[in-house]
Amino acid sequence: MDYDKIREHFENTILTSKEFESAKPVNELNLLYPPFLEKLIKCFARYNEKYPEHDVYVVETYRSNELQKKYYDEHKSKVRKNGMHHYGIAADVAFYINGEFSYKGNYDFLREIFAEEGLTVLKWELGHVQLIPVSAQSSLRTAVTA
Ligand SMILES: [Zn+2]
């Protein structure tokens, strides 16, 4: 995994974004690391081959440390700061079905596709997908925030 490229994206696109300190959830796709976004789009297309009537919807992309801490305090996340969302390499997804926001898409199938495409899903967070394995998170943090 090329952490330098992820760091460039973090420094050039995320650090300079008006959303950097956003206290609210952000779902701007352009804050995602582009190769990660490409993979997501590919996975969504594969999902839609089977479920053309479901739109996979990205609920959250980048996440500020302020919001991360709020989630942590509310026990919505196990991560206190510098989660993978903070680096633009994680996304939380849900669905639009019949024009309505929904969690009733086929997550099992979508998560299977994510894994097949080399992405990482978490047992404890159904809608979450990230670029790198949990075991690589601390080296990523060191490489990007150093
Ligand atoms: Zn997440």
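Modeller: Buried residues make up 29% of the 146 residues in the protein chain, and please keep in mind throughout that this is a predicted model.

Colleague: What makes a residue such as Thr61 count as buried?

Modeller: A residue is called buried if 20 or more other C-beta atoms lie within 10 Å of its own; Thr61 has 24 C-beta neighbours inside 10 Å, and therefore it counts as buried.

Colleague: Where is Thr61 found, and which residues is Thr61 in contact with, leaving aside its neighbours within four places in sequence?

Modeller: Thr61 is found in the loop between β1 (54-60) and α3 (65-73). With those sequence neighbours left aside, its contacts are Val26, Asn27, Glu28, Leu29, Leu31, Leu32, Gly88 and Ala91. Leu31 lies 30 residues from Thr61 along the chain, and yet their C-alpha atoms are separated by 7.0 Å.

Colleague: How do you know that the radius of gyration of the protein chain agrees with a compact globule?

Modeller: For 146 residues, a compact globule would have a radius of gyration near 15 Å, and the protein chain has 15 Å, so the value agrees. Taken along the principal axes, the box filled by its C-alpha atoms is roughly 45 × 30 × 25 Å.

Colleague: Why are α1 and α5 called oblique to each other?

Modeller: The axes of helix α1 (residues 3-14) and helix α5 (residues 137-145) come within 9 Å and cross at roughly 55 degrees. Angles under 35 degrees count as roughly parallel and 65 to 115 as roughly perpendicular, and α1 and α5 are therefore oblique to each other. In this crossing, which is right-handed, Tyr3, Ile6, Arg7 and Phe10 of α1 meet Leu140, Ala143 and Val144 of α5. By class, the contact has 6 nonpolar, no polar and 1 charged residues.

Colleague: What makes α2 oblique to α4?

Modeller: Helix α2 (residues 34-50) and helix α4 (residues 107-116) have axes that come within 9 Å and cross at roughly 140 degrees. Angles over 145 count as roughly antiparallel and 65 to 115 as roughly perpendicular, so α2 is oblique to α4. The crossing of α2 and α4 is right-handed, and the contact is made by Cys43, Arg46, Tyr47 and Lys50 of α2 together with Phe109, Leu110, Ile113 and Phe114 of α4. These residues divide into 6 nonpolar, no polar and 2 charged.

Notes: Residues are numbered from 1 along each chain as its sequence is written. This is a predicted model: local features need pLDDT of at least 70, side-chain atom pairs count only at pLDDT 80 or more; totals for chains, interfaces and linings use all residues. Axes are lines fitted to C-alpha atoms, for helices over the stretch in contact, and angles run from 0 to 180 degrees between N-to-C directions. Helices (H or I, at least four residues) and strands (E, at least two) are DSSP runs, numbered from the N terminus. A crossing is left-handed if the near helix is turned anticlockwise from the far one by less than a right angle, and right-handed if clockwise. Two residues are in contact if their C-beta atoms, placed from the backbone, lie within 7 Å. Ala, Val, Leu, Ile, Met, Phe, Trp, Tyr, Cys and Pro count as nonpolar, Asp, Glu, Lys and Arg as charged, and the others, Gly among them, as polar. The radius of gyration is taken over C-alpha atoms; the globule rule is 2.2 Å times the number of residues to the power 0.38. A residue is buried if 20 or more other C-beta atoms lie within 10 Å of its own, exposed if 12 or fewer, and partly exposed in between; C-beta atoms are placed from the backbone.
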